[in-house]
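Take a first look at the structure below.

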Amino acid sequence: MTHPIIRFDHATFGFPGTVALEDISLSIPESEFVGVIGPNGSGKTTLCRAVLGLMAPMSGTLRVLDCACEELRCHHRALIGYLPQKGMLDRNFPVTVLEAVMMGRYGALGLFRRPSGKDRDIARQALTQVGMDHHRDSALGALSGGQQQRVFIARALAQQPRILLLDEPTTGLDLTAQHSVVELIQQLHHELKLTILMITHDINMIRSRVDRLVLLKTKLFAAGPPQDVLKPEILSQVYGKELVITDKDFIIVEDYHHHH
Amino acid sequence: MLELLAYDFMQRSLLAAALVGSVCSVIGVFVVLRGLAFAGAGTAHAAFAGVALAYLLGLPPLSLAIVFGLATVWITGWVEEKGRMKLDVSIGILYTATMALAILFLGLMKTYNPEVYGYLFGSVLSVTSEELLTIGGLSIAVLGTILLLSKELYFIAFDQEMAAASGVPARQIFYLLLTLVALTVVIALKTVGAILVFAMILIPASTAYQLTHSLTQMTLYSMLIGIFCAVTGVLLSYAFDLPSGPSIVLLATSLFFLAVCCSPKRLHRIQAE
């Protein structure tokens with residue numbers, strides 16, 4: 001196994017009186033594509049915030065890029081490309097696609113330094129990688145949800161990151177857009193050899209694409225290759241419903257299976 | 001009209017108006033985009049309470065205006081950050097409390113002091129050379145800081161959490177923005193007054209917001225609109241013997257409604273529907 005780029009060692013996260021994630025031990029080697037799944041409130045977003053250095057462990061340790069996460073400085077954070085959960089974007093917010101992607105360069109540039117032609121080239125290249133360069137002068141608010149997600153992925157890529165953290169990148173998108181965004185992420189993983197942590201509810205969409213799945217329910221319930229984690233007995237314990245895997249390898253709730 | 005420019009007081013007034021128009025309209029871009037509109041209003045009233053106390057204690061008026069303004073804007077930021085209470089509620093409380101303090105300080109003065117009321121309603125035509133120097137110095141400081149940190153300010157206005165996650169010291173930049181808002185209010189206090197300064201921060205930026213899809217263009221348009229309204233407002237107020245503050249603000253308001261009617265964004269939306 002290559003050197004871990006992210007390493008949790010008995011790490012517990014939360015706020016005084018509330019534990020969001022308990023006793024997590026997990027090593028993620030460089031260039032691995034990891035899917036993080038679990039029901040609502042299982043600590044998936046907490047895991048994301050912890051890796052970003054926005055939350056320190058209450059006990060145990062978390063090391064990211066060979067640095068304790070509570071000591072992550074701005075230049076470390078700039079190496080982690082982050083796509084937050086899709087919020088409501090003000091459609092009238094005056095920002096062009098290229099301006100939004102250029103923001104990905106700001107952390108790495110540091111204070112007082114103006115973006116150069118090279119930064120602009122990096123941003124344009126990131127837009128090309130997500131297939132959006134022809135939209136660079138469009139208003140961000142005028143794009144569809146799927147196109148906006150592509151732009152935000154380009155912003156993360158413009159950071160020239162080593163780790164890509166994606167928090168439910170397909171939520172709120174129609175089926176075709178969901179599929180094309182996941183395909184794009186898989187393609188970027190192959191081309192750029194990025195370490196990717198993708199939080200999602202869509203197990204069926206990512207099961208064949210990730211190297212490893214991490215199943216959370218406040219604790220680390222299971223971690224391993226998808227076929228080892230996606231077993232009906234494990235899933236039903238975590239989701240509290242009888243889940244079945246159909247003959248086409250789709251995971252569905254049992255009630256639905258009976259009625260159809 | 002040209003002979004007006006020969007008067008010293010008119011030169012000072014127009015220069016002060018242009019400076020105030022540019023600073024207010026540029027900081028206004030970040031205030032509007034970051035959703036801090038009412039923080040500006042609260043700060044303006046707090047700064048006026050500072051002026052009233054300074055007159056009561058015999059201190060330079062702008063010194064306590066800065067102290068009161070900064071205290072209010074920092075408390076506002078802290079409350080928003082901690083999420084302990086809704087921002088509109090906390091600003092509402094601070095806004096009225098500082099206004100009550102101002103009225104209390106005015107009440108404690110034994111005689112009517114027209115200079116204090118000049119800070120409430122604005123009196124650009126009576127700006128002195130010393131005041132112009134203060135306005136000029138503070139304007140250069142505020143605009144220079146914005147120029148140096150514009151990329152970080154744009155980023156936190158767009159998405160503060162994202163900015164923090166990608167390595168921008170977002171929290172520090174947010175407090176710096178609040179500090180710049182307080183300084184801007186103090187700069188504009190004498191020219192447009194505590195009641196109307198907030199309009200000068202809000203209206204040119206909101207007008208520019210209607211006209212463009214680009215952050216840099218919005219800043220440029222806002223600045224041009226701010227300077228145009230401030231300078232033209234002063235000339236109109238002199239020509240028609242009107243109070244200067246309301247002349248500037250009402251001119252800006254007219255432009256705002258014109259921009260809403262002709263907004264390319266709005267027209268585009270209507271066409272799309």
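## Basis of the model

This is a predicted model: local features need pLDDT of at least 70, side-chain atom pairs count only at pLDDT 80 or more, and totals for chains, interfaces and linings use all residues. Residues are numbered from 1 along each chain as its sequence is written, while chains are lettered from A and ligands numbered from 1 in the order in which they are written.

## The sheet of chain A

Chain A holds an open sheet of six strands, in the order E6-E7-E8-E3-E9-E10, with mixed pairing. Strands (E, at least two residues) and helices (H or I, at least four residues) are DSSP runs, numbered from the N terminus. Two strands pair if DSSP finds at least two bridges between them. Strands E6 (80–83) and E10 (219–224) of chain A stand at the edges; each has a single partner strand, so one side of each is left without a neighbour in the sheet. On average, neighbouring strands of this sheet are turned by 15° against each other, direction ignored.

Helix H5 (residues 145–158) of chain A packs on the sheet and touches E6 and strand E7 (163–167) of chain A. Contact means that C-beta atoms, placed from the backbone, lie within 7 Å. The direction of H5 makes about 165° with that of E6(A). Axes are lines fitted to C-alpha atoms, for helices over the stretch in contact, and angles run from 0 to 180 degrees between N-to-C directions.

## Strand E8 and its partners

Strand E8 (residues 195–199) of chain A runs parallel to strand E3 (residues 33–37) of chain A, and four bridges join them. A:Gly35 stands opposite A:Met198, and A:Val34 has A:Leu197 as its bridge partner. E7(A) also pairs with E8(A) in the parallel sense, over five bridges. Here A:Ile163 stands opposite A:Thr195. From E7(A) the chain crosses through H6(A) to E8(A), and this β-α-β crossover is right-handed: with the strands pointing away from the viewer, the path from the first strand over the helix to the second runs clockwise.

Is E8(A) enclosed or open? Five of its five residues are buried, so E8(A) is largely enclosed by the rest of the structure. A residue is buried if 20 or more other C-beta atoms, placed from the backbone, lie within 10 Å of its own. A:Thr195, A:Leu197 and A:Ile199 point one way, and A:Ile196 and A:Met198 the other.

## Two domains

An automatic or database assignment sets the domain bounds. In chain A, domain 1 covers 4–79 + 162–229 and domain 2 covers 89–160. Their centres, taken over C-alpha atoms, are separated by 23 Å. The contact takes twelve residues from domain 1 and eleven from domain 2 of chain A. On the domain 1 side, helix H2 (74–77) and helix H6 (175–192) of chain A each give two or more residues. H6(A) gives the most, with five residues.

## Chain A meets chain B

The contact between the chains takes 24 residues from chain A and 21 residues from chain B. On the chain A side, H2 and helix H3 (97–109) give two or more residues. H3(A) gives the most, with six residues.

## A closer look at A:Leu21

A:Leu21 lies in strand E2 (residues 18–29) of chain A. A:Leu21 is buried, with 26 other C-beta atoms within 10 Å. Among the residues it touches, not counting those up to four places away in sequence, are A:Phe13, A:Leu47 and A:Thr218. A:Pro57 is 36 residues apart from A:Leu21 along the chain, and their C-alpha atoms are separated by 9.4 Å.

Note on methods: Contact = placed C-beta atoms within 7 Å. Buried ≥ 20, exposed ≤ 12 C-beta atoms within 10 Å, placed from the backbone.
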